[in-house]
Amino acid sequence: MSLKNILENWSHYRRGIEEGGHHDYEHMWGMAIDLNKCTGCNACSVACYAENNLPTVGKERLMKGQGLHWLRMERYWDEPNVGGDDQEFQERGGSFIPTMCQQCNAAPCEPVCPVAATYHTPDGLNAQIYNRCIGSRYCANNCPYRLRYFNFYSYYEESWPEPLNLQLNPDISVRDMGVMEKCTFCVQRVRSAKDTAAREGRKVMDGDVQTACAQTCPTQAIVFGDMLDKESKVSKIWAAHEVELGKAKQNKSNKELRGYRVLEGLNTDPSVLYLDRVREV
Amino acid sequence: MQTKDINENIAWAKINKDVLRSMENPRMGYWVALAACVAMIACAVVAEIYQYQVGMGPANLNWPHMWDLYIATFVFWIGMSHSGTLLSAILHIIQADWRKPIYRFAEAMTLFSLMTAGLFPIIHLGRVWNMYWVLPYVSDRGIWPNFRSPLVWDAFAITTYMTSSALFLFIGMIPDLAICRDNARGWRQKLYTVLSLGWQGDDRQWRNFRRIYLMMACFLIPLAVSVHSIVSADFAMSIMPGWHITSFPPYFVAGALYSGCAAIITLFIILRYFFRFDEYMTIPILEKTCKLTFAIAMVWSYLTLIEFASVWYGHDAVAKEALVERFVGPYSPFFWLMLFCGIIVPFALAFEKLRRHLPTMFVVSLLLNLGMWLERWMIVTPTLAMSYYPFAWDIMWPSMVQWAIVFGSFGWFGLLFLIFVKVFPSVSMYEVKEMVFHRRHYHSEEIATKLHRREGDPQPGDGPSTEGVRS
């Protein structure tokens, strides 16, 4: 493999190493989040809690920084308080970025796990195997986005006292203490959709699979789909904003285009595209 | 003022007697020290049981501070383990014979530091009970550890180094164990008989012994360098600012040698005082150790300042910010203390008056090691506090659980060392005899000319060597 080849095909090469060769992926799950539409309502975060059996750690532990929100709503004040209290956050200069595991194609968290509890699936997802994890937390240290969370305690009794434990999602486990976890792009829903499609003898169509956050967002700011399907909504958004997978530096000549990926200069090749807020000049 | 490394007129019998006397029934002070070590270990055990049952939360670990004192102390203990290798192996190869009275306890220190360090990768895991998954064993599911992870390299490197150090310590002790066997009764005699492997001190045995010892010394030196380079890879192989630094392997090895040398000075002064080893662990030898420590301190200081300079003049804005944060941020008091202990305090080792003053050297050596421990902490925590993602910037201080376990690790080391000095000779008797012999004949022209090739070699027509044989 020549150096030029590697640099141009890094993402494909990296996935190939994981699989022991170069394959064509069946799906490549990706997301596009329109920050202009995001109101910061946190419904996506709550939906993630409900869908993925996330424990509520309590105020004290959250203040210590031991929270477990796979999807976090980050609030930044990029302009000084321009409006009064009667206005929404956005008019007052606040912006929101819902961040979840970026499912990097060249994930820095994958090579450093001592027991190989995290790896890249043929779906383009970064998978976390809860029962293999021994909790060395090296993956969390290597994630530049800090999107990996750790079970500092065992939350089962505290977070879901009877009868709340009855509302747990049976499709996904409740994690033991000492285990790392993170957003999985609702892999249980992905698997379920693939099973249904296989049963019905067809391929997975765009819209069959919706992550909990995409499903709940009231403004449809989050779009989830298969990047390998050129007709899917998410592929069209990526193409419209001229952002490509497998490249660390995108072509940014057209200033009208708002698409960007977070920290892509670190060569992580994330699968989540953000569309920057339209701002008044 | 003594200037000779050792008194050249010490009788062999006196050497035996002095060293064997250190292994006699201990006085009250020893039992007090032992009890203190056990108490420290008890603190750590209580804290660890609590942490094992409740989770890593009580340690004040949080997002993003996923590693803290456990990893820092782990690296510190691995660093201290380089003492024995440096003194034993490196100085042996360059034939610096002043190491002979002091290398035995240094090697013991190496082994016990490794045994202490090895506890921490286990303690810091979230699911400690599954720690053996890091080892490559044939599982029925066909699952192997991830060989690309520096933590797995750690497991290999440390086990190899620990085994090799233990073997080196043991093999080097065989002639001494034979002396102990010849002078012991009861359970000690049984123990030494087994351990001395039937050593009789004849010529063939000595020749083989010297060859093996040299081979092991040559083997151990690259191993020591590689161990700490691999431990530094835990940081250097990540992408975090302040960790992803190419100079980390040599930097950590220099820090390790530094830490080990300082610990040698500490234990030198302690053993010399309590066991009255003044004839063997002499002031000139202490001075030489101090000079060596000073040299290594300057190497470490250089590498530290170079690391700062290369980040400061580099293009990586995030790394530069992480560096500046270490100087002015919330952890800066410890950072400045580390720089003081690591760069300024060693200058006390440059002055002969201070080098000869034992209480000063004791305090200086403890400060040097404090500086090294702080250095490890200042590598781990400030990077995690302020890395690439501003939303995740956070200041965190370790809790009593972490401090208790770190504190207890010193007790564990102390316990192992205390047991060692009472069961095994902490000064190498046969090597001290060699040193005295060579020094004595160095001054005697007549004998020096009679000896060909090397001093101590038998002449043609001589009978077999009678050293060590029971009379």
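Begin by selecting strand E1 of chain A, where both faces are covered: A:Trp29, A:Met31 and A:Ile33 on one side, and A:Gly30, A:Ala32 and A:Asp34 on the other, are all buried. The strand spans residues 29-34, and six of its six residues are buried. The model on display is a predicted one.

**The sheet around E1 of chain A**

Four strands of chain A form an open sheet, in the order E8-E1-E10-E9 and with mixed pairing. Strands E8 (222-226) and E9 (259-260) of chain A stand at the edges with a single partner strand each, so one side of each has no neighbour in the sheet.

On one flank of E1(A), select strand E10 of chain A, residues 272-275; the two strands pair in the parallel sense over four bridges.

Then turn to E8(A), which pairs with E1(A) in the antiparallel sense over five bridges. Which residue of E8(A) is the bridge partner of A:Ile33? The partner is A:Ile222.

Keep A:Ile222 selected and display its surroundings. Leaving aside residues up to four places away in sequence, A:Ile222 touches A:Met31, A:Ile33, A:Cys44, A:Cys213, A:Ala214 and A:Cys217. A:Met31 and A:Ile33 are on one side of E1(A).

A:Ile222 also belongs to the largest nonpolar core, which has 199 residues; A:Ile222 and B:Tyr258 are those with the most contacts inside it. The largest share of this core, 16 residues, comes from helix H10 of chain B, residues 248-274. Selecting that helix moves the tour to the other chain.

Chain A has nine helices and 10 strands. Its radius of gyration is 19 Å, close to the 19 Å that the globule rule gives for 281 residues, so chain A is as compact as a globular protein of that length. The C-alpha atoms of chain A fill a box of roughly 55 × 50 × 40 Å along the principal axes. Of the 281 residues of chain A, 41% count as buried. Among contacts in chain A between residues at least 6 apart in sequence, 62% join residues at least 24 apart.

Chain B, by contrast in its listing, has 18 helices and zero strands. The radius of gyration of chain B is 24 Å, close to the 23 Å of the globule rule for 471 residues, so chain B is as compact as a globular protein of that length. Its C-alpha atoms fill a box of roughly 80 × 55 × 45 Å along the principal axes. Buried residues make up 46% of the 471 residues in chain B. Of the contacts in chain B with a separation of 6 or more, 81% are between residues 24 or more positions apart.

**Inside chain B**

Select B:Thr293, which is placed in helix H11 of chain B, residues 283-312. Why does B:Thr293 count as buried? There are 26 other C-beta atoms within 10 Å of its own, and the cut-off for a buried residue is 20 or more. Not counting residues up to four places away in sequence, B:Thr293 touches B:Cys261, B:Ala262, B:Ile265, B:Pro346 and B:Leu349.

Next, select helix H1 of chain B, residues 12-21, whose buried residues are B:Ile15, B:Asn16, B:Asp18 and B:Val19. These buried residues pack against H7 and helix H17 (429-442) of chain B.

**Where the chains meet**

Now select the contact between the chains, which takes 35 residues from chain B and 36 residues from chain A. Helix H7 of chain B, residues 150-183, gives the largest share of the chain B side, three residues. By class, that side has 23 nonpolar, nine polar and three charged residues.

**Confidence**

Finally, colour by pLDDT. Chain B averages 90, and 94% of the residues score at least 70. Within chain B, confidence is lowest in helix H18 (residues 445-450), at a mean of 62, and highest in helix H13 (residues 332-344), at 96. Where pLDDT is low, the predicted coordinates should not be read in detail. For the complex, the predictor gives an ipTM of 0.86 and a pTM of 0.90.

Technical notes
Residues numbered from 1 in each chain as written. Chains lettered and ligands numbered in written order. Predicted model: local features only at pLDDT ≥ 70, side-chain atom pairs only at ≥ 80, totals over all residues. Contact = placed C-beta atoms within 7 Å. Nonpolar A, V, L, I, M, F, W, Y, C, P; charged D, E, K, R; others polar. Core = buried A, V, L, I, M, F, W, Y, C linked by C-beta atoms within 7 Å. Buried ≥ 20, exposed ≤ 12 C-beta atoms within 10 Å, placed from the backbone. Rg over C-alpha atoms; globule rule 2.2 N^0.38 Å. Pairing = 2+ DSSP bridges. pLDDT = per-residue confidence, 0-100.
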